[in-house]
Amino acid sequence: MIEVLSVASEAYPLIKTGGLADVAGALPAALAPRGVTMRTLVPGYPSVLEKLTSGRQVAAVDDLWGGPARLLAGRAGGLDVIAIEAAHLYDRPGNPYMGPDGWDWPDNWKRFAGLSWIASELALGLVEGYRPQVLHCHDWQAGLAPAYVKFGPSDRIKTVMTVHNIAFKGSFGPDIFPQLRLPAHAYGVSGVEYYGGVSFLKSGLECADAVTTVSPNYADEIRTPAFGMGLEGLLNGRADSVYGILNGIDTDVWDPATDPALSQNYTAATVHQRRVNKQALIERFGLDGEDGPLFCVISRLTGQKGMDLLIQVVDGLVALGGRLCVLGSGEPHLEDGFRHATARHPGKVGLITGYDEPLSHLMQAGADAILIPSRFEPCGLTQLYGLRYGCVPVVSRIGGLADTVIDANPAALLAGVATGFKHDADNAHALYEAIRKATMTFADEKTWRKIQRRGMKSDVSWAASAERYADLYADLIGVRRDDNQDD
Ligand SMILES: Nc1ncnc2c1ncn2[C@@H]1O[C@H](COP(=O)(O)OP(=O)(O)O[C@H]2O[C@H](CO)[C@@H](O)[C@H](O)[C@H]2O)[C@@H](O)[C@H]1O
């Protein structure tokens, strides 16, 4: 077996604010049948420690950036977890990254330097009898781990850095560098320095043995100035070590046949029964029960997700006979934009702000289509949930959205392969046209059902991508997987 330590600031079902948690939470089970044992290192936030009731102490550290820490290991939420219990860093309520005032915690650099440093110490044998062969680091919060390995006493362990969102670079001033426990020469182009400060993500991208991102298309896009957000030069420089591995979804958690959050379970053969869920959704959002399509949004309400574009075309969507239900929270002006839309269109547009996991399942099971007009999207998971639930995705043609949805153009309809609708990104008119096309197609029930069923039958599981991760780990440590699986 290949022993991998996954390092992430969130992992479903222990703690989740977005797609990173879904991926970190699903990978271990997807990899287990493929010769990979994956443990997950997470900060001991209150919600993590609550679930890790069986955790036993496996190591302790006297000073983790200002206080003591204990490592607790055990099983929680189906995961083999190591949690860092360090009250001074992680014992804070609510969102893991920001305080109740909506601002990032000022000591985030310490909190996630701590996570990354513990990962590298685990690689060096902090816990007796445990020696992972690969550190798999997710996003900027784990980005310093490859730097600690590269500049540390032993670079024996191999490191993988996965980008789920290149927009969050974990950038801090140069003043933190002396406190990072790194040697002076780590402050440079081939280390943690980035435009006169420290960037955790850049550190990971620079120092890891391999870089992955979560779709093949996005792996190409981030090597261009339009999507690389200043890191395209670095990524081009190491193009041979950059891989795009498409996300899958946990098809047990997301299964319309068994999902406990639904009013009515169904399969591709009984897709007409979704109407019970649609009715439940209409009641929940206080909408009118008319005939047209019900569109939904389940998202952080941000510019990345193109929510300003959607706000521009809401009136048009309603004029076409559609209704819209929105679940999410984010930038205040975008929340306001949707609030105004609900006031202009009572019974046609509904908004629930906040985070509600069961409601997000019901929406995928009851809405006719999901709108994802992102400006950039490394992979996107909600279109994959949409496919699995017969909630037809209407997506911008970028990143992983382009890789996972087949547009219902005439050729695709004729060939019987269409699974959704695609439009140009960053273009409100193109979004409106896609909504119009979806609305017209919805009126043709036979064609719509075919698109739904085809989506429900498409493979959105981890099967293919888990193979690719397992191959990558094996390549890095120089073993053949066939040999290794016999171990
Ligand atoms: N208000 C709410 N209530 C309940 N659930 C909500 C919610 N808002 C969002 N969600 C859920 O959070 C997840 C968001 O997934 P996305 O793929 O949109 O990822 P996100 O942009 O967070 O992550 C980044 O990482 C992921 C994983 O790699 C990439 O797919 C993505 O492109 C990248 O931007 C989904 O499970 C969705 O259902």
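The lining of the largest cavity divides into 5 nonpolar residues, 5 polar residues and no charged ones. This is a predicted model. The structure holds 1 cavity of 30 Å³ or more. About 30 Å³ of space lies in the largest cavity. Its lining is made of G386, L387, G390, C391, V392, P393, T419, I451, Q452 and G455. Three elements, α14 (382-389), β17 (392-396) and α18, each supply at least two residues of that lining. Helix α18 gives the most, with 3 residues.

How is such space found? Rolling a probe the size of a water molecule over the atoms shows where empty space is left.

By class, the lining of the second largest pocket has 4 nonpolar, 4 polar and 8 charged residues.

Now for the helix pairs. The table sets out two of them.

| Helix pair | Angle | Distance between axes |
|---|---|---|
| α10 (274-285) and α13 (357-366) | about 125 degrees | 7 Å |
| α11 (307-319) and α12 (332-344) | about 15 degrees | 10 Å |

Take α10 and α13. Angles over 145 degrees count as roughly antiparallel, and 65 to 115 as roughly perpendicular. The angle here is about 125 degrees, so α10 and α13 are oblique to each other. Their crossing is left-handed. On the α10 side, the contact is made by R274, N277, K278, A280, L281, R284 and F285. They meet L359, L362, M363, Q364, A365 and G366 in α13. The residues of this contact divide into 7 nonpolar, 3 polar and 3 charged.

Turn to α11 and α12. Are they roughly parallel or roughly antiparallel to each other? Angles under 35 degrees count as roughly parallel. The pair packs at about 15 degrees, so α11 and α12 are roughly parallel. Here, too, α11 passes α12 in a left-handed crossing. M307, D308, L310, I311, V314 and D315 in α11 meet L334, G337, F338, A341 and R344 in α12. The residues of the contact of α11 with α12 divide into 7 nonpolar, 1 polar and 3 charged.

Technical notes: Residues are numbered from 1 along each chain as its sequence is written. This is a predicted model: local features need pLDDT of at least 70, side-chain atom pairs count only at pLDDT 80 or more; totals for chains, interfaces and linings use all residues. Side-chain values use heavy atoms; hydrogens and water are left out. Axes are lines fitted to C-alpha atoms, for helices over the stretch in contact, and angles run from 0 to 180 degrees between N-to-C directions. Helices (H or I, at least four residues) and strands (E, at least two) are DSSP runs, numbered from the N terminus. A crossing is left-handed if the near helix is turned anticlockwise from the far one by less than a right angle, and right-handed if clockwise. Contact means heavy atoms within 4.5 Å. Ala, Val, Leu, Ile, Met, Phe, Trp, Tyr, Cys and Pro count as nonpolar, Asp, Glu, Lys and Arg as charged, and the others, Gly among them, as polar. On a 1 Å grid over the protein atoms alone, a cavity is a set of points where a 1.4 Å probe fits but cannot get out, and a pocket is an open set with protein on both sides within 12 Å along at least five of seven lines; lining residues have an atom within 4 Å of a point. Grid points are joined across faces, edges and corners, and a volume is the space filled by probe spheres set on the points.
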